[in-house]
Amino acid sequence: MSTMTRPRRPPAPPSAPPRPRRRRGVRHLDARDRLVAALLLCIPLLLSLAFVWVPALGTVLLSFMRWNGVGDLRTEACDPALPSILNNGCVNGLQNYHQAATNYPEFWPAVQHNLIWLAVFVVIATPLGMLFAVVIDRGISGSRMYQSILFLPVMLSLALVGIIWEFMYSQNYGVINTVIGRAGDDNAIDWLGDPDLNLWAVLLEATWRQAGYVMVLYLAGLKAVDPTLREAARMDGANAWQTFWQVVFPAMKPINIVIMVITVIESLRAFDLVYITNKGINGLELLSVLVTANIVGETQRVGFGSALGVVLLLISLVPISLFLHQTFRKERTQ
């Protein structure tokens, strides 16, 4: 019985490699896609110009004017021989800045208090929030509960935070004076009325809230770090401290920049806590309070208040610029 052999099929020709998909450029978009892209770019840009850049530039221009908010602005220089009521809407040059530095007693204490506020946020609040984030990220027992408790002050408005801490600092029935045995007697400590104490008391309130805010931001940054970096550091013999500072912390450079900018902004725009405490006077002078008092207060010195706002802007730009310069210089060196 003979067996039949099947003829072998010729091998199939090798298939050509798939052509890479060409990305659609702007020229290949249809009219609808171009309209959507233009709207997505223009709407945020217009909103930023309308609510950020135009008011900022307007504030800078008004800082060189003498204006009470009523009447027209003109390009004529102010006449020192005329009374101030007739020198409205004129160009005042650098006189607003000179008056703030030489003839405004609240100015330099406000600058000093703003710098202290910034230093406390950078040196205490931000490292404390980072410490909370690192401890919670290690997966300790009850981490969800601790995270919720520490984040609770962030959910409250600054006005409500100030009211809560007023019950803590009250001279007659406050929690602190009650615990130390000084409530209701002649030795009771006036935490919010003493100009030597009230700034530090309010800074404790602000730090209580700011640490929770920074903790949440750092928790998001820690979750985004590649776990293989930590494993490689452990294999190289690095301990937990070395792993964090030499591997994890540099990997969080984008979140570090964001936190630095937010810390500076939050420290210099402080207003609610001091205004609730004593309307920003008697040891709690801040530039934000002075700006508000001069622009919308009884004096209605819009030009002078704008000059104080420009000073506040410059103070905020200096630490941010220095931090960004150091960060990107290290990156270029590496």
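These legends accompany several close-up views of a predicted model.

**View 1**
Let us start with Asn177, a residue of helix H6, which spans residues 175-179. Is this residue buried or exposed? Asn177 is buried, and its relative accessible area is 0%. One is with the backbone oxygen of Gln171, which lies 3.2 Å from a polar atom of the Asn177 side chain. The other is with the backbone oxygen of Ile189, which the side chain of Asn177 reaches at 3.0 Å. Leaving aside residues up to four places away in sequence, Asn177 touches Ser170, Gln171, Arg182, Ala183, Ala188, Ile189 and Trp191.

How many aromatic pairs does the structure hold? There are 12. In the pair shown here, the ring centres of Trp117 and Phe121 are 6.5 Å apart and the planes meet at 55 degrees, so the pair is tilted. Trp117 is buried at 2% relative accessibility, and Phe121 is buried at 3%.

**View 1. Trp245 and Phe249, an aromatic pair in helix H9.**
Here is another tilted pair: the rings of Trp245 and Phe249 are 5.1 Å apart from centre to centre, with 55 degrees between their planes. Trp245 and Phe249 lie 4 residues apart in helix H9 (residues 240-251), about one turn of the helix. Are these two residues buried or partly exposed? Trp245 has 35% relative accessibility and counts as partly exposed. Phe249, at 24%, also counts as partly exposed, because buried would require a value under 20%.

**View 2. An aromatic cluster that includes Trp191.**
Which residues make up this cluster? Trp165, Tyr169, Trp191 and Trp208 form it together.

**View 3. Arg301 over the ring of Phe304.**
The charged end of Arg301 sits over the Phe304 ring, at 4.3 Å from the ring centre.

How values were computed:
Residues are numbered from 1 along each chain as its sequence is written. This is a predicted model: local features need pLDDT of at least 70, side-chain atom pairs count only at pLDDT 80 or more; totals for chains, interfaces and linings use all residues. Side-chain values use heavy atoms; hydrogens and water are left out. Helices (H or I, at least four residues) and strands (E, at least two) are DSSP runs, numbered from the N terminus. Buried means under 20% relative accessible area, exposed over 50%, partly exposed in between (1.4 Å probe, protein chains only). A polar contact is a pair of N or O atoms within 3.5 Å; within protein, one must be able to donate a hydrogen and the other to accept it, and residues adjacent in sequence count only if both atoms are side-chain atoms. Contact means heavy atoms within 4.5 Å. Rings of Phe, Tyr and Trp (its six-membered ring) pair if their centres lie within 6.5 Å; planes under 30 degrees apart count as stacked, over 60 as edge-to-face and the rest as tilted. A charge sits over a ring if NZ of Lys or CZ of Arg is within 6 Å of the ring centre and within 35 degrees of the ring normal.
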